[in-house]
Amino acid sequence: MLLFQCTVFVVVLSVCVCVRENQLILNKCNTPFFFFFQFLISPKNGVIIFIIKSSRDTSTTMVFCCFRSRSDVLTCTPWNAPIIWEGMFDPDLYDRAHNEEGTSVALTVFAVGRYLDAYLKTFLNSSERYFMPGLPVAYYVFTDLPEKVLAIRLTPQRRLRIIKVERHSRWQDISMMRMKTISDIIESEIRHYYTHVFCFDVDQVFTGRFGSEALGDSVALLHAYYYNVAKAFYTYDNNPKSQAYMENGDFYYHAAVFGGSWKSVKALTDSCYQSILVDKERNVEALWHDESHLNKYLWLHKPSRVLSPEYCWDPIIGHRYNIRITRLEWAPKNYAQLRTS
Ligand code: UDP
Ligand code: MN
């Protein structure tokens with residue numbers, strides 16, 4: 001329908017073009033002829049089709065142009081938040097703008113129990129290379145074994161804080177209780193020094209730029225396993241007794257990466273933690289723990305920026321035509337070894 005409407009509109013414009021074109025050609029040719037230009041615009045697919053016809057012969061030339069930098073993927077949510085894909089942005093422009101604004105980023109990561117030896121060093125070394133290059137960054141590492149955190153060489157404008165946390169006996173609680181710890185550190189420290197916060201799982205490795213283009217007021221990540229499947233497959237919490245219960249949603253977000261301004265991450269972590277506490281009182285646990293609560297929160301409070309799965313890709317999935325670059329990858333995982341104490 002939209003395609004048709006645009007056609008009618010543009011045909012009227014085309015007549016003006018033809019008249020001018022005709023005068024030009026009349027000066028040079030004995031037999032006058034016309035060119036007809038027609039435009040078909042399909043905003044949804046990001047395509048303009050130019051149709052050029054000449055009155056001299058029956059031939060028609062069609063020119064296809066993409067006015068969106070990525071027409072193979074969804075680049076905008078229904079509430080007009082950008083979905084960030086490779087090819088959609090100029091990294092230098094983003095870096096310059098954030099430098100001028102004085103943006104600074106706190107990164108939170110948990111390495112409790114066996115996750116410390118297994119992942120932390122690779123995570124931090126790779127983030128030194130790829131995470132928010134050119135911006136001031138503070139790493140907040142939460143662990144039950146601070147003395148075991150190995151020194152890493154930090155580039156200028158970067159600092160590392162190691163904070164001791166208790167080790168919950170269940171891995172589900174280690175994962176869920178991160179919400180409370182993140183909220184507390186934002187309140188006591190981060191809000192005074194840093195404009196933005198990004199929260200990461202530790203079992204991943206940066207493999208490409210994860211830069212200032214990812215910053216926004218409220219940032220969520222499309223889960224690598226669900227970005228291109230029908231909504232019916234999303235694994236939202238399905239227990240009406242849980243605070244995380246939801247029937248409909250926009251996307252399936254991955255809890256391994258989320259971020260935003262300190263204020264919005266504080267609101268998110270506070271709300272998820274409260275929901276987790278209510279569930280505990282009712283003796284229920286959401287299907288995918290903190291991730292289920294995060295999905296519920298982001299359904300009720302839409303993110304202002306969404307990251308494509310380039311920003312957290314599982315290489316086991318293999319090649320996908322629309323994943324042109326991977327910026328952060330899932331590290332190999334032996335659950336049986338990691339989760340037994
Ligand atoms: N975590 C941890 N120790 C544990 C369990 C979890 O440090 O024993 C932290 C760690 O940062 C991890 C995150 O909680 O990346 C989420 O857990 P996990 O990565 O195992 O969840 P999955 O990604 O498999 O859903
Ligand atoms: Mn993980």
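I took helices (H or I, at least four residues) and strands (E, at least two) as DSSP runs, numbered from the N terminus. The model is predicted: local features need pLDDT of at least 70, side-chain atom pairs count only at pLDDT 80 or more, and totals for chains, interfaces and linings use all residues. Residues are numbered from 1 along each chain as its sequence is written, and side-chain values use heavy atoms, with hydrogens and water left out.

At the other end I looked for a cap. Asp90 caps the N-terminal end of helix 2 (residues 91–101), with a side-chain oxygen 3.0 Å from the backbone nitrogen of Asp92.

Next I checked the record. The unreviewed UniProt entry lists Asp201 and Asp203 under "binding site"; such annotations may be inferred rather than shown by experiment.

I found Asp201 in the loop between strand 8 (196–200) and strand 9 (204–206). Is Asp201 buried or exposed? Asp201 counts as buried because its relative accessibility is 18%, and buried means under 20% relative accessible area (1.4 Å probe, protein chains only). Beyond its neighbours within four places in sequence, Asp201 is in contact (heavy atoms within 4.5 Å) with residues including Val109, Phe123 and Arg178. The side chains of Asp201 and Arg178 are joined by a polar contact of 2.7 Å.

Asp203 also sits in the loop between strand 8 and strand 9. I noted Asp203 as buried, with a relative accessible area of 11%. Leaving aside neighbours within four places in sequence, Asp203 is in contact with Tyr119, Glu329, Trp330, Ala331 and Lys333.

Notes: Chains lettered and ligands numbered in written order. Polar contact = N/O pair within 3.5 Å; in protein donor to acceptor, adjacent residues only side chain to side chain. Buried < 20%, exposed > 50% of the residue type's maximum accessible area, 1.4 Å probe, protein only.
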